[in-house]
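My entries follow in the order in which I made them.

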Amino acid sequence: MAGRDNRMRSIDPTRPDPATIAEAAAIIRSGGLVALPTETVYGLGADALRPAAVAEIFAVKRRPARNPVIVHVASQEQGQELTTDWPAFAALLASAFWPGPLTLVLPRGPQIPDVVTAGGPTVALRWPAHPVAEALIRAAGTPIAAPSANRSTELSPTTAAHVHRSLGADVDLILDAGPTLGGLESTVIDLSSPSPRLLRPGLLAISDIERVIGPVERQVTPARIDEVLPAPGMLSRHYAPRTPLECFETGDEAELRLGSLVAQAQRVAWVGFDPPNAPLSPKVTVRLPRDVAGYSAQLYATLHRLDELLLDRILLVLPPDSEDWLAVRDRLRRASTA
Ligand code: TXA
Ligand code: MG
C-alpha cells in the first residue's frame, strides 16, 4: 500500500470522459482500488468478485472484517444475478428507487466472496445514481464493492479532497467529480426475511419506502460499541470528526454550555439552524438549512471544514426529533462524544 502512486483525476460529473473511465476500469479489473463519486458520498471501489481486491479495501480503511461492504451494480438485472432470491419487495423497491440512495440486503449469490459479506448469508446491493459510478461499473464489466472512502469510524467523504486527506496514497486513483449532491449515505433495508427491516436510515426517507412496500420494521441500534450488534457493522461510534462534538436538543442548553466553555477560553464552533443569542460568542458559527436535503448535503462537509480549524469543541443544536430527520440525527448521535 505505502509508496503507491497517488493519482487524482478531474472528471465531469454528468458527462464523464470515456478515456478516464477506461483508465479507472482497467485498475478495477486488475484488482486495484479506485475512489469514485456517488450521489451520496465517495466510495472506495474494488472488483466485488475478487477476494484479494476487496481484502485490500478492508486493509486500507482499517475496517473490522466483520463489517460487510455494499456491492454496486448498474442495472436491476445485474443486482438480481448476485442474489439467490429476488422477492416482490426487491422488485418493487428497485423499480421505484434505483438508481438511487437505497441499499437492499438479500440472500447472497454463490459468486459473492466471503470477504464482501463478512462471511454472512446476505449481500447488500445498490445501483448508485451517478453517471461516473454507473459508467465505471459498466466499463469494468464487474460489480464494484465500495464502502465510504474514509478510514473506519471517520467522517464519510463528500469531496475528492476529503478522500485524499483520509486515504491519500493508499488509493490507486481518485475520480474527482466535485462535491456529492446528497451528502449522506444510502438507506439500508434488509429484505432477506419476509418482514422488511431498516438497518440504517439514510438519504432515502423511510416514508418513501413505506409508500411502496408498506410498514418497515425499525432496527434498534446499540448505544455502545461493545453491545451485541443486531446486524453486522452497526457500530455506534462512527462517522466522527476529530474535534469533540456535543449535540443538544435545545438552543438554551447549548448556550449554557457555550457560555461555560468560552469563559474557560475554549475555542468553540456553533452549528444549528440559528446563531446563539448568548453574550459570549463562539469562534465560528455555521448555520445549516432548515430542509432535510439541504442540511444533509452540507453536514459532513461542514464537520470536515470545522475539523481543519483544530478547535476545542463543536456544539450542535439538533434538528427536530421527527422521522424526516431520522438519518441526520442517527449520524449526529454516532458522531458525538459521549
Ligand atoms: O451511500 C452509501 O451507502 C455509500 C456509497 C459509497 O454507496 N456506501 C457506504 O458504505 O456507506 P459503508 O460500507 O460505509 O456502509 C455500508 C453499510 C454498513 O452499515 C454495513 O454494515 C451495511 O451497509 N451492510 C453491508 N452489507 C451488509 C449485509 N450483508 N447485511 C447487513 N448490513 C450490511
Ligand atoms: Mg462508511
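**Helix 10 and helix 11**

I began with the crossing of helix 10 and helix 11, which is left-handed (left-handed if the near helix is turned anticlockwise from the far one by less than a right angle, right-handed if clockwise). Before going on I noted that this is a predicted model, in which local features need pLDDT of at least 70 and side-chain atom pairs count only at pLDDT 80 or more, while totals for chains, interfaces and linings use all residues. I also noted that residues are numbered from 1 along each chain as its sequence is written, that chains are lettered from A and ligands numbered from 1 in the order in which they are written, and that side-chain values use heavy atoms, with hydrogens and water left out. Helices here are DSSP runs of H or I with at least four residues, strands are runs of E with at least two, and both are numbered from the N terminus.

I took axes as lines fitted to C-alpha atoms, for helices over the stretch in contact, with angles from 0 to 180 degrees between N-to-C directions. On helix 10, Tyr295, Ser296, Leu299 and Tyr300 meet Val328, Arg331 and Leu332 of helix 11, where contact means heavy atoms within 4.5 Å. This contact of helix 10 with helix 11 divides into 5 nonpolar, 1 polar and 1 charged residues (Ala, Val, Leu, Ile, Met, Phe, Trp, Tyr, Cys and Pro count as nonpolar, Asp, Glu, Lys and Arg as charged, and the others, Gly among them, as polar).

**Helix 1 and helix 6**

Next I looked up helix 1 (residues 18-29) and helix 6 (residues 131-140), which pack at about 55° with their axes 8 Å apart. That angle makes helix 1 oblique to helix 6, and their crossing is right-handed. The contact joins Ile21, Ala24, Ala25, Ile28 and Arg29 of helix 1 to Val132, Ala135, Leu136, Ala139 and Ala140 of helix 6, and by class it has 9 nonpolar, no polar and 1 charged residues.

**Ligand 1**

Which residues are closest to ligand 1? I found 24 residues around ligand 1, with Thr40, Arg63, His72, Ser186 and Arg200 the closest (near means that a heavy atom lies within 4 Å). An oxygen atom of ligand 1 is 2.8 Å from a side-chain N or O atom of Arg63, and a polar side-chain atom of His72 lies 2.7 Å from an oxygen atom of the ligand. On Thr122, a side-chain N or O atom is 3.0 Å from a nitrogen atom of ligand 1.

**Backbone**

Most residues other than glycine have a negative phi, and most peptide bonds are trans. Pro99 lies in the loop between helix 4 and strand 5 (102-107), whereas Ala118 is in the loop between helix 5 (114-117) and strand 6 (122-126).

Key:
Polar contact = N/O pair within 3.5 Å; in protein donor to acceptor, adjacent residues only side chain to side chain. Parallel < 35°, antiparallel > 145°, perpendicular 65-115°, else oblique.
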